[in-house]
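This briefing concerns a predicted model. Please consult the sequence and the coordinates while reading the points that follow.

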Amino acid sequence: MTPLSTYRLQMRGDAFTFADAENLLDYFAELGVSHLYLSPILTAAEGSTHGYDVTDPTSISPALGGPDGFARLSRSARARGLGLIVDIVPNHVGVEKPRQNAWWWDVLKHGRDSAYASFFDIDWELADGRVVLPVLGSDDDTA
């Protein structure tokens, strides 16, 4: 089904889950929405309030309802003629707490030899092979 009109839903485990979206499907259908745009839905860092610090890009966030909640939302949406679009952004990977992200932790431990090294955009020639990580901080950091 080709998307004709989308409605973006900001998914948050502490505020708006798959079950919450499912409860609003009739409303979205009445609006004439063809697809719901869900963002983000992958497993994020513990305690994340925004979900853009993904720690497991292979799993759907348990805080949102996990795979079962997503499947229920998908079935219910399809029954109303609605499709789903999932936002997956590679640079939304959480690295603040490396041990929560198995892939990143493996890269930090094994460097270029990590099975996940190619999953990250790392310039291995910079800084004698050390991982250099630009981090956005406060305005005071730029002085």
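How many residues does helix α3 have, and how far does α3 reach from its first C-alpha to its last? Helix α3, residues 66–79, has 14 residues and reaches 20 Å, close to the 20 Å expected at 1.5 Å a residue.

- The buried residues of α3 are G66, G69, F70, L73, S74, S76 and A77.
- An α-helix has 3.6 residues a turn, so residues three or four places apart point the same way.
- The cover over the buried residues of α3 includes the helices α1 (18–23) and α2 (25–31).
- Strands also contribute to the cover of these α3 residues, including β2 (35–39), β4 (54–60) and β5 (83–86).
- After α3 comes G81, and the phi of G81 is positive, near 80°.

**Largest pocket**

- The largest pocket holds about 910 Å³ of space.
- Its lining comprises 36 residues, and those closest to the centre of the pocket are N91, V93, G94, V95 and F120.
- By class, the lining of the largest pocket consists of 20 nonpolar, 9 polar and 7 charged residues.
- At least two residues of this lining come from each of β4 and α4 (102–110).
- Strand β4 gives the most to the lining of the largest pocket, with 3 residues.

**Second largest pocket**

- A volume of about 210 Å³ is computed for the second largest pocket.
- The second largest pocket has 19 lining residues, and G13, A44, S48, S61 and A63 lie nearest its centre.
- The lining of the second largest pocket divides into 9 nonpolar, 8 polar and 2 charged residues.

**Cavity**

- Rolling a probe the size of a water molecule over the atoms shows where empty space is left.
- The count of cavities of 30 Å³ or more comes to 1.
- The largest cavity has a volume of about 60 Å³.
- S39, P40, I41, L42, G51, Y52, V54, D87, I88, V89 and H92 line the largest cavity.
- Of the residues that line the largest cavity, 7 are nonpolar, 3 are polar and 1 is charged.

**Residue S34**

- S34 is located in the loop between α2 and β2.
- S34 counts as buried because its relative accessibility is 8%, and the cut-off for buried is under 20%.
- The side chain of S34 reaches the backbone nitrogen of L4 at 2.8 Å.
- A polar contact at 2.9 Å joins the side chain of S34 to the side chain of H35.
- Beyond its neighbours within four places in sequence, S34 is in contact with M1, T2, P3, L4, S5, G81, L82 and G83. Among these contacts is G81, the residue with positive phi that follows α3.

**Residue P57**

- P57 is placed in strand β4, the strand that gives the most to the lining of the largest pocket.
- P57 counts as partly exposed because its relative accessibility is 34%, and that class lies between the cut-offs of 20% and 50%.
- Leaving aside neighbours within four places in sequence, P57 is in contact with L42 and W103. L42 is also one of the residues that line the largest cavity.
- P57 and F18 lie 39 residues apart in sequence, and their C-alpha atoms are 18 Å apart in space.

Definitions and conventions:
Residues numbered from 1 in each chain as written. Predicted model: local features only at pLDDT ≥ 70, side-chain atom pairs only at ≥ 80, totals over all residues. Heavy atoms only, no water. Helix = DSSP H or I, 4+ residues; strand = E, 2+ residues; numbered from the N terminus. Expected span 1.5 Å × (residues − 1). Buried < 20%, exposed > 50% of the residue type's maximum accessible area, 1.4 Å probe, protein only. Contact = heavy atoms within 4.5 Å. 1 Å grid on protein atoms, 1.4 Å probe; cavity = no way out; pocket = protein on both sides within 12 Å on 5 of 7 lines; lining within 4 Å. Points joined across faces, edges and corners; volume = space filled by probe spheres on them. Nonpolar A, V, L, I, M, F, W, Y, C, P; charged D, E, K, R; others polar. Polar contact = N/O pair within 3.5 Å; in protein donor to acceptor, adjacent residues only side chain to side chain.
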